[in-house]
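Dear colleague,

I am passing on the structure below, together with some notes on what was found in it. Please read the notes with the coordinates open beside you.

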Amino acid sequence: LAVVVLISGNGSNLQALIDAQEQGAPYRIRAVISNEPTAFGLERARRHGIPTQVIDHRDYPDRASFDVALAKTIDGYDPGLVVLAGFMRILTPEFVAHYRGRLLNIHPSLLPKYRGLHTHRRVLEAGDTEHGASVHFVTPELDGGPVVLQARVPVQPGDDPDTLAARVLKQEHRLYPTVVRWFAEGRLWLDGSGRPCLDGEV
Ligand code: GRF
């Protein structure tokens, strides 16, 4: 399965996907595309000989023209799956529709709780005792798509956003390769009514 990964920053989730690929996971990351020229994830890709492209959103007058340029670049690699991994852009409904059923995202919360940004701080402020991460198919609603797999972590006394984020990230790095593998094996898909279907046991 040909995969294109979109990033904006550090790329630790990208790294987890690269590591799994190198350990034999049944997918190939054909390209890593970033909207941020300085994203460290680009360096991670280069170290593994994976082609990289930068589509800088500052070069475009509006969201729609950025998304059109991004989609053209992605389609040049003809991916069976597009993976958002720390990609910090809101995508237009047209872009999302174009990749329906083959666009995944990972979000650092137990969706549907805490959509949007600063999830770790919000969880601490709410006094929750549990937090986690979710992998979901992307739909036009921000962080609203059907959840495929989640991981839970305890909130511990003395946690701050950084210690909590680190605990969640560890789970993210387990979740994402698992879900991309399922998709690559043809075990996971989005059905006609927008429900995620998984063949076989988790
Ligand atoms: C992670 O919390 C991820 O859930 C969110 O972006 C953060 C950074 O991800 N999407 P990465 O280290 O750039 O993969």
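The lining of the largest pocket draws at least two residues from each of α1 (12-22), β5, α5 (119-126) and α6 (161-184), where helices (H or I, at least four residues) and strands (E, at least two) are DSSP runs numbered from the N terminus. In total 36 residues line this pocket, and G86, F87, M88, I106 and P108 are the ones that lie nearest its centre. The volume of the largest pocket is about 890 Å³, and its lining divides into 15 nonpolar, 17 polar and four charged residues. A pocket here is an open set of points on a 1 Å grid over the protein atoms alone, where a 1.4 Å probe fits, with protein on both sides within 12 Å along at least five of seven lines, and a lining residue has an atom within 4 Å of a point. Grid points are joined across faces, edges and corners, and the volume is the space filled by probe spheres set on the points. Ala, Val, Leu, Ile, Met, Phe, Trp, Tyr, Cys and Pro count as nonpolar, Asp, Glu, Lys and Arg as charged, and the others, Gly among them, as polar.

This is a predicted model, in which local features need pLDDT of at least 70 and side-chain atom pairs count only at pLDDT 80 or more, whereas totals for chains, interfaces and linings use all residues. Residues are numbered from 1 along each chain as its sequence is written, and side-chain values use heavy atoms, with hydrogens and water left out. The average pLDDT (the predictor's confidence in each residue, from 0 to 100) is 97, and 100% of the residues score at least 70; the model has an ipTM of 0.96 and a pTM of 0.97.

Strand β5 (residues 103-107), which contributes to the pocket lining, has five of its five residues buried, that is, under 20% relative accessible area, with exposed meaning over 50% and partly exposed in between (1.4 Å probe, protein chains only). L103, N105 and H107 are buried on one side of β5, and L104 and I106 on the other. β5 pairs in the parallel sense with β4 (residues 81-84) over three bridges, a pair of strands requiring at least two DSSP bridges, and N105 stands opposite L84. With β6 (residues 130-137) β5 runs antiparallel, joined by four bridges, and L104 has F137 as its bridge partner there.

Strand β2 (residues 28-34) is largely enclosed by the rest of the structure, because five of its seven residues are buried. It pairs in the parallel sense with β1 (residues 2-7) over six bridges, and three bridges join β2 to β3 (residues 52-54), also in parallel.

Some backbone details deserve a look, since most residues other than glycine have a negative phi, and most peptide bonds are trans. L111 and P112 are joined by a cis peptide bond with an omega of about 10 degrees, and P112 lies in the loop between β5 and α5. Y114, in the loop between β5 and α5, has a positive phi near 60 degrees and is buried, with a relative accessible area of 17%. D78 also has a positive phi, of about 50 degrees, but is exposed at 61% relative accessible area.

With best wishes
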